[in-house]
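Dear colleague,

Please find the structure below, handed over for your study.

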Amino acid sequence: MIIVMERNASPELVDAVTVRLEQLGYKAHLSVGVERTIIGVIGEKRPEDMEQLAAMAGVESIVPILRPFKLASREFHPEPTKVQVGNITIGGDEVVVMAGPCAVESEEQILTIARAIKAAGAQILRGGAFKPRTSPYSFQGLEEEGLKLLALAREETGLPIVTEVVNPRDIDLVEKYADMLQVGARNMQNFTLLREIGQSKKPVLLKRGLAATVEEWLMAAEYIISGGNSSVVLCERGIRTYETGTRNTLDLSAVPAVKHYSHLPIIADPSHGTGRWRYVKPMAKAAIAAGADGLMIEVHCRPEAALSDGAQSLTPDNFLQLMVEIKAVAEAVGRKSTAPVVV
Ligand code: PEP
Ligand code: MN
């Protein structure tokens, strides 16, 4: 249920409605828009309460939200949400590119890549310190040492950092270093992790589960937002289908679907989406054309020697080429890009 306030409703009238809601035992979530304020009501609805609330000054209407996600829905928040990561805004005019290695491997590796992606116009540095690997025998990440190296790369380049948190007990540690917390595909329905991250003040990058519907994905976002953290960015990273020619099937139709159902920004990850570096650039361009607010791209100076995901990693040269080509697509669809003008 949402309470739509009248256009000219004063903050005092909005306050009175939220106070009343809390007295009645509901949780109120405010969405203050340019046009009007909308109050999301969480709790088991009693018709007599709704009648009383509808009669309060400043209330225009009370509308049910039929979809299972409420705070993530467009009805609750009609304008697109912009999420701030350091000095970077995701969901605005500018296409935001997060790039970096799958995993942080060494100081030299992360610093070299950070410098290269910055020079190519990327705005956020990615790199895994805690790696959720399919095999327990694969490289699991440098853990805190990796976080320290990411922080060092941020110090040198000024790029904010996004990195994955795999386990609820590591949130405090990852938060100490990261500007944005990544929830990986394998953890999209780890509800304990989602609830804990809902308490964090850091923005969250929520990747789509390997076999999750758009609705299940938005329900995962709902866990984080209802916990109090509304800075959620979604990331389409490919889903499992019968196709084996690519690692996953990058579902770009999820981009307009998410934009239709939700106010949250969405980016695309054609690296995990395709699993093959040759397919990354074309799918990155397609994602921007489809309306994605940004990209996540894996970059490695020596993909053949990468400790994880080398097959889908771009060299710095190929990444620069991607950025240049992205710029043309971004501008064609009315977005801006920070890629250099000439190669
Ligand atoms: C990653 O970003 O390196 C990663 C593990 O991604 P995903 O969770 O999408 O597989
Ligand atoms: Mn990876």
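**Findings**

Val166 is partly exposed, with a relative accessible area of 26% (buried means under 20% relative accessible area, exposed over 50%, and partly exposed in between, with a 1.4 Å probe and protein chains only). Please note that this is a predicted model, in which local features need pLDDT of at least 70 and side-chain atom pairs count only at pLDDT 80 or more, while totals for chains, interfaces and linings use all residues. Residues are numbered from 1 along each chain as its sequence is written, chains are lettered from A and ligands numbered from 1 in the order in which they are written, and side-chain values use heavy atoms, with hydrogens and water left out.

Val166 is found in the loop between β9 (161-164) and α5 (171-177); helices (H or I, at least four residues) and strands (E, at least two) are DSSP runs, numbered from the N terminus. Beyond its neighbours within four places in sequence, Val166 is in contact with Phe130, Pro132, Asn187, Asn190 and Leu193, where contact means heavy atoms within 4.5 Å. The C-alpha atoms of Val166 and Asn187 are separated by 7.2 Å, and the two residues are 21 residues apart along the chain.

Val162 belongs to strand β9 and, at 0% relative accessibility, counts as buried. Leaving aside neighbours within four places in sequence, the contacts of Val162 include Met98, Ile124, Leu125, Met180 and Met296.

Ile288 lies in helix α10 (residues 277-289). Ile288 is also buried, with a relative accessible area of 0%. Not counting residues up to four places away in sequence, Ile288 touches Val95, Gly294, Leu295, Ile326, Val329, Ala330 and Val333. Val95 is 193 residues from Ile288 along the chain, yet their C-alpha atoms are separated by 7.9 Å.

**Two helix pairs**

Helix α3 (residues 107-119) packs against helix α4 (residues 144-157) at an angle of about 35°, with their axes 9 Å apart. Axes are lines fitted to C-alpha atoms, for helices over the stretch in contact, and angles run from 0 to 180 degrees between N-to-C directions. Among the residues that meet are Ile110, Leu111 and Ala114 in α3, and Leu149, Leu150 and Ala153 in α4. The residues of this contact divide into 7 nonpolar, 1 polar and 4 charged (Ala, Val, Leu, Ile, Met, Phe, Trp, Tyr, Cys and Pro count as nonpolar, Asp, Glu, Lys and Arg as charged, and the others, Gly among them, as polar).

Helix α7 (residues 214-226) and helix α8 (residues 254-261) pack at an angle of about 50°, with axes 11 Å apart. Val214, Trp217 and Leu218 in α7 meet Ala254, Val258 and Tyr261 in α8. This contact divides into 6 nonpolar, no polar and no charged residues.
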